[in-house]
Amino acid sequence: MAPLKFCANISWLFTELPHFSQRIYAAASASFEAVEAAWLYESDLQELQRAKEATGVEVVLINTPPGDVNAGDLGLGAVPGREAEFRQGLDLALTYARALGCKRIHLMAGRVPLGSNRQAVVEEMEAVFVQNLNYAADILSKVGDLLRPTCEAQYAKILKAIQMKNSSCLSLSGHVQIAQVPCRNEPNSAGELNYRYLFNTLENHGYQGYIGCEYKPSGSTKEGLGWLKDYCTHSK
């Protein structure tokens, strides 16, 4: 069995450093061959390109812009009335993805608007999501996979509703991310999940994609990478 591959989510790891370009260098120094990030759109794109080229690190995933985080936004893909902002955000994500050679974009669906009843708005939000996915499908198929923050049943329902020929750009389980539960710290920290078992399961199923380390270090990022060193030692 081939060993699993891990990438550093630099929105969560190496936050001791203020700039994403610095975190790319730090990830490379910690032996990561790939990174992913949530929202790096305030970073200078040329600096990110230089860091990527200097280190040889692959950028494997970025998210579409969240909207106004301070107002509670966490994506715009399914938010009624925000379609124009979604399209602008998609254009920005594509600019960064192309420049960084990133072939996977996580299209953020968004949250149920504050103060709304979920059951009352879910059909409208799904309809907006389908509309936005139809708009995005042809474009995203030229970049890479489109990841979806939905459950399987909802995914199947929405996918069936999409009238498009580029369904290959949609991915249900093309990427895995890890963190301990419930505190979202290192995989080997105290919690509910047995990551040795989960890693063995992924290996046995032949998972070949990257696993994103999207956790909150309990101390410094470097000090918390013992779990990764242990895995690499035992997988040889």
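Glutamate 85 counts as partly exposed at 36% relative accessibility, a class that lies between buried (under 20% relative accessible area) and exposed (over 50%), calculated with a 1.4 Å probe and protein chains only. The structure is a predicted model, in which local features need pLDDT of at least 70 and side-chain atom pairs count only at pLDDT 80 or more, whereas totals for chains, interfaces and linings use all residues. Residues are numbered from 1 along each chain as its sequence is written, and side-chain values use heavy atoms, with hydrogens and water left out.

**Salt bridges**

- The count of salt bridges comes to 3, where a salt bridge is a side-chain nitrogen of Lys or Arg within 4 Å of a carboxyl oxygen of Asp or Glu.
- Arginine 82 pairs with aspartate 73, their closest N and O atoms being 2.8 Å apart, and arginine 82 also forms a salt bridge with glutamate 85, at 2.5 Å between the closest N and O atoms.
- Arginine 82 is buried, having a relative accessible area of 19%, and aspartate 73 is buried as well, at 15%.
- Glutamate 214 and arginine 184 meet through their side chains in a salt bridge of 2.3 Å, N to O.
- This pair links distant parts of the chain, 30 residues apart, with glutamate 214 in the loop between E8 and H7 and arginine 184 in the loop between E7 and H6; helices (H or I, at least four residues) and strands (E, at least two) are DSSP runs numbered from the N terminus.
- Glutamate 214 counts as buried at 18% relative accessibility, while arginine 184 counts as partly exposed at 31%.
- Through shared partners, salt bridges join Asp73, Arg82 and Glu85 into one network.

**Aromatic pairs**

- The count of aromatic pairs comes to 9; rings of Phe, Tyr and Trp (its six-membered ring) pair if their centres lie within 6.5 Å, and planes under 30 degrees apart count as stacked, over 60 as edge-to-face and the rest as tilted.
- Phenylalanine 14 and phenylalanine 32 make an edge-to-face pair, at 6.4 Å centre to centre and with 85 degrees between the planes.
- Phenylalanine 14 sits in the loop between strand E1 (5–9) and helix H1 (20–29) and phenylalanine 32 in the loop between H1 and strand E2 (34–37), so this pair ties together parts that are 18 residues apart in sequence.
- Phenylalanine 14 and phenylalanine 32 are buried.
- Tyrosine 215 and tryptophan 227 have ring centres 6.1 Å apart and planes at 75 degrees, so their pair is edge-to-face.
- Tyrosine 215 lies in the loop between strand E8 (210–213) and helix H7 (226–234) and tryptophan 227 in helix H7, so the pair ties together parts that are 12 residues apart in sequence.
- Tyrosine 215 is buried with a relative accessible area of 0%, and tryptophan 227 is buried with 5%.
- One aromatic cluster is formed by Phe6, Tyr195, Phe199, Tyr215, Trp227 and Tyr231.

**The loop between E7 and H6**

- Valine 181 is found in the loop between strand E7 (176–178) and helix H6 (195–204), and the peptide bond from valine 181 to proline 182 is cis, with omega near 10 degrees.
- Arginine 184, also located in this loop, has a positive phi of about 60 degrees although it is not a glycine.
- Most residues other than glycine have a negative phi, and most peptide bonds are trans.
- Glutamate 186, in the loop between E7 and H6, is buried yet has no salt bridge, and lysine 216, the nearest side chain of opposite charge, is 9.5 Å away; Lys and Arg count as positive and Asp and Glu as negative, with His and the chain ends not counted.
- Leaving aside neighbours within four places in sequence, glutamate 186 is in contact with residues including Tyr215, Lys216 and Trp227, contact meaning heavy atoms within 4.5 Å.

- Alanine 51, in helix H2 (residues 45–55), is buried with a relative accessible area of 0%.
- Alanine 51 and tyrosine 25 are 26 residues apart in sequence and 6.5 Å apart in space, C-alpha to C-alpha.
- Serine 31, in the loop between H1 and E2, has a phi near 75 degrees, a positive value in a residue other than glycine, and counts as exposed at 61% relative accessibility.
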